Amino acid sequence: MKRLLFAVIGVLILVTIVAVGCVVEDGVGPTPDEGEGVVSSCVTCHSDKDLLKQTVTIVEEEKSEETSGEG
Amino acid sequence: MEVWQKVFLKDADFIQSTHGKVGCVICHGGDSRIEDKETAHVGIVADPSEANCNTCHKDIAHVNDISLHTSLGGFISVLEARGGNLEEDSPLAEAFENHCQQCHTSCGQCHVSRPDELGGGFISGHEFRETPSMQYNCIACHGSRVGAEYLGENAGIPADVHWTKATMTCTKCHSQELHGSDQSVDTRYGNPVAVNCEDCHQDVWTNTAGNPQHEQHLGDLSCQVCHSLPYKNCYSCHVNIDQKGLPSRISDPSEMHFEIGYNALRSSENPYKYVVLRHPPVTASTFDYYGENLLPNFDAVPTWKYATPHNIQLKTPQNESCNSCHGNRDLFLTEDDVSPAESEANKDIIVPEIPAPRPGE
């Protein structure tokens with residue numbers, strides 16, 4: 001009985017080691033620090049129309065008034 | 001478009017999408033843990049295409065790097081062929097940077113937002129659109145010539161039949177070629193994955209019975225010679241820096257012409273003897289503001305360029321009968337149509353003797 005118990009425990013340990021070793025790390029995914037929790041703070045502002053209107057910085061891109069004709 | 005609209009995520013569900021899950025700061029930088037707007041945006045990259053798309057989309061980004069949309073290789077190859085020196089710090093390189101470079105595009109400027117040159121801004125929230133918008137992307141840049149032709153915006157010239165009959169958007173024909181192939185090419189016509197009329201209209205080649213014009217001319221005339229209408233030509237563009245220090249350009253008014261000439265790009269893949277030719281804005285003195293004679297070999301390349309006008313019709317004035325074209329001097333680029341200053345550049349494509357009228361027709 002003891003032998004059987006040790007064998008079962010041994011198999012379980014092996015399976016656990018293999019399973020952990022086979023986890024595929026997602027190289028391009030966000031880390032918890034950079035992921036959805038943080039994303040939401042960007043999204044909070046950028047999905048708030050009124051806030052965007054209030055805080056927008058208008059940078060006038062100057063174009064030459066002398067340009068004429070089609071390019 | 002209002003400035004706030006350009007960065008407005010109208011659908012916050014974007015963060016649940018594949019791209020949204022990657023996280024804003026991973027692509028755009030900045031610091032999303034800070035509430036103060038100015039500080040949070042330090043280091044922000046509005047268009048992060050160059051450094052990021054390649055991570056997941058290697059197969060497309062690889063070929064796109066050398067596509068004409070990205071590299072502007074079409075401009076560069078012609079300027080160099082005309083003897084232009086584009087080495088760093090050269091006068092022509094400075095002119096190129098000031099006046100030409102902005103015409104390059106990026107992944108994001110086709111698939112997410114409007115082109116920077118037209119002010120940028122999301123097309124539809126931050127949605128990644130596999131197919132770019134015809135209106136906000138393709139025609140935003142290619143509007144004055146091809147776009148106007150295709151939509152029938154030139155007075156008296158109808159829209160292209162592919163638009164009026166089938167409402168085909170640009171990407172129905174132009175798909176893979178927009179990203180280029182894995183070959184660097186000098187012109188879009190050299191792109192091995194470029195679209196051709198016969199890709200769809202194969203029957204034109206396999207069944208010419210009952211169509212004497214096709215029977216007679218297939219392979220000798222490009223399709224546009226018989227099936228397109230007058231198109232826009234531009235002249236005498238001169239660039240400079242204005243009194244405020246801003247890049248500026250002045251060109252003569254555009255003109256609508258239809259000119260058939262010889263094919264300067266003739267090859268086994270492009271066998272046509274006769275093609276239609278369009279005059280682009282460039283002239284020998286285009287860059288004179290930056291230095292004298294910056295295109296010393298200007299005459300090496302024609303100023304009337306192989307063209308594929310996008311106002312295709314089944315029936316056109318020139319294909320009504322044989323003698324609608326044969327003997328019709330107005331349709332052909334002859335010495336009289338070319339300014340003396342450009343005569344040498346176009347000597348190989350000018351038609352010295354137009355096809356004679358067909359007797360009895």
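**View 1. Y262(B) has Y274(B) as its bridge partner in β4(B).** β4 (residues 274-278) of chain B and β3(B) pair in the antiparallel sense, over 3 bridges. Strands here are DSSP E runs of at least two residues, helices are H or I runs of at least four, and both are numbered from the N terminus; two strands count as paired once DSSP finds at least two bridges between them. Heads-up: this is a predicted model, where local features need pLDDT of at least 70 and side-chain atom pairs count only at pLDDT 80 or more, while totals for chains, interfaces and linings use all residues. Residues are numbered from 1 along each chain as its sequence is written, with chains lettered from A and ligands numbered from 1 in the order in which they are written.

**View 2. The open sheet of chain B runs β3-β4-β5.** Its 3 strands pair antiparallel. β3 (260-262) and β5 (305-307) of chain B sit at the edges with a single partner strand each, so one side of each has no neighbour in the sheet.

**View 3. Helix α9 (residues 91-99) of chain B buries L92(B), A95(B), F96(B) and H99(B).** Buried means 20 or more other C-beta atoms within 10 Å of the residue's own, with C-beta atoms placed from the backbone. The four cover an arc of only 100 degrees around the axis, which puts them on the same side of α9(B); the arc is that of the directions from the helix axis to the C-beta atoms. What do they pack against? α8 (73-81), β1 (231-241) and β2 (247-257) of chain B, with contact meaning C-beta atoms within 7 Å.

Notes:
Buried ≥ 20, exposed ≤ 12 C-beta atoms within 10 Å, placed from the backbone. Contact = placed C-beta atoms within 7 Å.
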